[in-house]
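Let's walk through this structure together, starting from a sheet and ending with charged pairs. Have your viewer ready.

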Amino acid sequence: METLLIPALLDHHWPLLRWAFETRDCRAVVLEEEGPGVEELGLRYMHNDLCYPFVLIAGQVLSALRSGRYDLGHTSVLISQAADGCRGSCLIRLLRPVLDREGYFQVKLRSLNARGLEKSCALPVTPVMVLRAAAAAFWGDALMLLGNQTRPYEVSPGEADRLTEKWTALLSGDLRRNRSLTPWGILRRCREIAADFRAVPKEGRKTQKVAVVGELYTKYCGLGNWRLEEYLERQGCEVGVNGLTWYALYYIDTHLGECPLPVRLAGKTLRALALDFQKRFVNVLRTEGFSALPPYPEVKALAIPSGCALGCGWFLSAEAAAWVREGHRKVLAAMPFGCLPGHIYARGIYARLQRELPGGLVVGVDYDASTREGTVQNRIRMLLDTEL
């Protein structure tokens, strides 16, 4: 049996999304190596002028391969690639020589992208994989959104996390057995999840509502953003992080036009189905007393036009504007140092975004191997301590 190692990226989603890659012949393992040692190991092989996620992914992969837990002759590593101007698309070509130099010739690198990049490393995609991934993405969104809206107010600390663990186990069973994967089954599970979180005893604590937008890795990955959500919650904040399915629709909307015809046709079909389903998903959460950003078309309409769809591109401005309208007036734009699209576009849009968000405040923060935690937290305090 092959073991597929998955570097950290989507903290709230990978525990469920990993089941999309599970087969009789493949066991998917999400890497959990953390700490300064991961960064230091990555810096031995990746120049610090590269995108910061490169450093962390390289460190995580090398740490896992050195651990002795895996049969290296039957181990591969999954690398997700945007296949656009994001330098993450080059990671396989940068990581392969590193693994070879360390003697891991037998460890395969598997590429996951929709645009035909690194065809020799392509991970086969099956209908069952797509179905499981779609269900896992919406369920992951539900657990993330409901957990973030429950934790700051729970009477018994840890209740929301216990519910998340409970539902992750239940939904993992569904994915493993291909149960509840119809549209009706997915929404039924979302209603049950929402009912459980609604029943958690809460008290009316005063909180600041802070939204996090930005590059995928530093928005969703605790390793990449130094446990940003936990830090903000310790400062008395309710944290808003938008669902992964919104980003998936942004990617389908902006990236599949240059794909081979079969992929384009499949993408259009998937987009139409996902748009309709997302409306129902948002309605379920709101009916159960929780909030969510509007469906993707409404969020897209709020974007500052630019034509830039590299990395988070114009979607950053759309999410920021949507969050301010939803009452999260303080917006933290988290970006990794070395992200070229982020530095050129995201930084360039902050001033205009600020002008077009009356009553809102946008502060950008960079995560980098040469920056320490205190510097980043001081920057975040600028956002939290500003009166609006």
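The paragraphs below look at a sheet, its helices and some salt bridges.

This is a predicted model, in which local features need pLDDT of at least 70 and side-chain atom pairs count only at pLDDT 80 or more, while totals for chains, interfaces and linings use all residues. Residues are numbered from 1 along each chain as its sequence is written, and side-chain values use heavy atoms, with hydrogens and water left out.

Start with an open sheet of 4 strands, paired in parallel in the order E6-E5-E7-E8 (strands are DSSP E runs of at least two residues, helices H or I runs of at least four, numbered from the N terminus; two strands pair if DSSP finds at least two bridges between them). Strand E6 (237-241) and strand E8 (361-367) each have a single partner strand, so one side of each is left without a neighbour in the sheet. Strand E7 (residues 330-336) pairs with E8 over 7 bridges, and Met335 stands opposite Asp366 in E8.

Now turn to the charged pairs. The whole structure holds 26 salt bridges (a side-chain nitrogen of Lys or Arg within 4 Å of a carboxyl oxygen of Asp or Glu). In one of them, Arg69 meets Glu33 with the closest N and O atoms 2.5 Å apart. Arg69 lies in the loop between helix H3 (52-66) and strand E3 (75-80), and Glu33 in the loop between strand E2 (26-30) and helix H2 (36-43), so the pair ties together parts that are 36 residues apart in sequence. Glu33 is buried, at 13% relative accessible area (buried means under 20%, exposed over 50%, partly exposed in between, with a 1.4 Å probe and protein chains only).
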